[in-house]
Amino acid sequence: MSSLLDSIDGPQDLRRLDLDQLNTLAGEVRELIIEVVSANGGHLSSNLGVVELTIALHRCFDFLKDRLIWDVGHQAYAHKILTGRREAFRSLRLKEGISGFADRKESPYDTFSFGHTGTSISAGLGLSCADEALAGRAAEGEADAGGRRKVVVVIGDGAISSGMPFEALNHAGAVGRNLLVILNDNRMSISPTVGAVARYLSKVRASAPYQEVKREVLDVLSRWRPAREGLSSLYSRASEAIQAALTPGVLFVELGFSYYGPVDGHDLTALVDTLEHVSRINGPVLLHVLTEKGRGFRPASSDPTGFHSSGCFRAEEGEVIAETQETGAAEQTRSYSSLLGETLVELAEEDPRLVAITAAMPDGTGLTEFARRYPDRLHDVGICEQHAIGFAGGLAAGGLKPVVCIYSTFLQRAYDQIFHDVALQGAPVVFCVDRAGLVGSDGPSHHGHFDVAYFRCMPGFVVMAPADGAELAAMLRFALSIDRPCAIRYPRENVPSASAEGAAPLSLGRAQVVRTGADAAVIAYGAAVRRAVEAAGILEREGRAVTVVNARFAKPLDLETIFRVVREHAAVLIAEDHALAGGFCAAVLEALAVEGIAAGHVRPAALPDQFVGHASREEQLAQLGLDGPGLAERLRGLMGAARPT
Ligand SMILES: Cc1ncc(C[n+]2csc(CCOP(=O)(O)OP(=O)(O)O)c2C)c(N)n1
């Protein structure tokens, strides 16, 4: 059956539809989003919430001339569908398919590539200032916006409470450029929003019914004029105070923005009217739009957190089919994140000084049970990674044992805090670096392939990675037992089955030889250990015996074991799921160079200097020769053997 959506090849087609048709279209866009996300996985709740807002934006602006920016870019599915990517949308998050985030390589309608929260207002202001600076100087063949382009930024209520948006609002309010910031307020980050800004926004929402009262009070005030000169400044201060008390969004007004709203983000008539109105206003404007996460799909609206980023599910019942986390092992049970959470609960029972910190991601980092058991010992600081680390430094200085659980990619934001508030203080903060390495279908903005590099160069840090679940638990316990800053990285995988004995005892800077063989050796770190063992198994079947070392520590390195293995084998591979620059491989090669050990027979197997596109994690590892068969192939090359036929 043909649908309205089939006739939408670009935003221009929206302008011939009346409001009834636009509402019908919204329903069809939702259906397509649900169908595709149920098959491919993806960010469902946020996308279902902005369908009407997206339609209204494309109806009121021409974003080939004006600019549209989505903070995080995880809620741009309707935008993709309406900007010529309706059919391609079916390949969402698949290898070579459409990205799960706004991506400037994909379409001229995606002004900026995103994936991390809170960067949109800064980017929007930059674009706006660039337009002004370049007005009248467009290169040949380029449209000259003449500095009149409107830049529209859509940012969520979770993201806006983090540091960078406030820095950007502070700047934008002073610069006074034509910038329309749409605050998409759905009361949720991934979980319900936390903090004082969230409390403030809920007051603003509640104040909407008082708009009438405000009008009447201001009307009375305007009729009353002070009789005596001396009273006039009192009068104007009183009237300003009353205005402020009754103006929703006064926080933004004080920052130099004109505030409009709150507007019902599912009422297309109200949205179109308001957008047309604010599009004519010069200077920075903040439009506050209220939306419902998961709108139109009951399972998602009743569990917006579960459907924030979901695996595949059966669309009819909204039942989530358990996500396969790509270990390839038949006995896989739970993720490293949930094991980390369980272990933390146990350790918290033993040590009342242990506290956990999350930056708005208690579920993703496995801390749900910890939050339930120890609500006073879990600090959810909002999407504020920098603050999380500064705060952890303070907690440690005050005598607590803070454990920070953050994804590797998001922790990058707190680089200076890792240096200044932890390393420089020698603060015994434990970093649980989740989603380290390639992360699969979230793609380049979410891979965690720089963390070894950013921790390893900090004096005093201990940097480690487990090869399996038992080792993760042992490393956490070990990290809490030493009085030093520590980082433990683990992948977005399910844990391989733990050996019956659990992890062999850990001691600082000591590796573990997993198996021995005379023909070659692999010195592997973290998630690469399992793959190195697989490679050794493949080669064993070909008659080659391979030593595998589980390095455990990237800092301090087990130099004794590493030097011995390098000296005793004619072919040595170092393997990890991290960028070559600065990672474990680089650490080993540096150590060999410092010691003056010839390393012509040693090769690194690490991530190359490039951004890796979205696909499943196993596909990504295979593509880069970092899975078991890929490592086996590298070893064959190193041993100078032809591949057996
Ligand atoms: C720096 C950073 N930290 C954490 C995340 C993970 N993350 C993705 S979306 C999101 C919540 C965003 O909430 P909000 O801005 O309110 O948007 P909504 O999804 O509710 O539309 C979080 C925490 C991220 N993308 N970037």
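Predicted model: local features only at pLDDT ≥ 70, side-chain atom pairs only at ≥ 80, totals over all residues.
**Helix packing, ligand shell and backbone features**

Residues Arg531, Ala532, Glu534, Ala535, Ile538 and Leu539 of helix α20 are in contact with Gly628, Pro629, Leu631, Ala632 and Leu635 of helix α24. By class, this contact of α20 with α24 comprises eight nonpolar residues, one polar and two charged.

The crossing of α20 past α24 is right-handed.

I turn now to a second pair, α1 and α3. Helix α1 runs over residues 19–40 and helix α3 over residues 51–60, and their axes come within 9 Å of each other, crossing at roughly 125°. Because of that angle, α1 is oblique to α3. Here too we have a handedness to report: α1 passes α3 in a right-handed crossing. From α1, the residues involved are Leu22, Leu25, Ala26, Val29 and Arg30, and they meet Val51, Glu52 and Ile55 of α3. The contact of α1 with α3 contains six nonpolar residues and two charged ones, with no polar residue.

Helix α6 spans residues 163–175, and it packs with α5 at an angle of about 30°, the two axes being 8 Å apart. On the α5 side the contact is made by Ile121, Ser122, Leu125 and Cys129; on the α6 side it is made by Met164, Pro165, Ala168, Leu169, His171, Ala172 and Val175. In the contact of α5 with α6, nine residues are nonpolar, two are polar and none is charged.

Next, the ligand. Which residues come nearest to the ligand? Of the 22 residues around the ligand, the nearest are Ser46, Thr117, Gly156, Gly158 and Ala159. The shell divides by class into eight nonpolar, 10 polar and four charged residues.

Finally, I would draw your attention to the backbone. Gly261 and Pro262 are joined by a cis peptide bond, with omega at about -5°. Pro262 itself is placed in strand β4, residues 258–264. A cis peptide bond also joins Lys555 and Pro556, where omega is about -5°. Pro556 is situated in the loop between β17 (553–555) and α21 (559–568).

One further residue deserves mention, namely Arg93. Although Arg93 is not a glycine, its phi is positive, at about 65°. Arg93 belongs to the loop between α4 (77–82) and α5 (120–134).

Conventions: Residues numbered from 1 in each chain as written. Near = placed C-beta within 6 Å. Nonpolar A, V, L, I, M, F, W, Y, C, P; charged D, E, K, R; others polar. Axes fitted to C-alpha atoms, helices over the stretch in contact; angles between N-to-C directions. Helix = DSSP H or I, 4+ residues; strand = E, 2+ residues; numbered from the N terminus. Parallel < 35°, antiparallel > 145°, perpendicular 65-115°, else oblique. Left-handed = near helix turned anticlockwise from the far one by under 90°. Contact = placed C-beta atoms within 7 Å.
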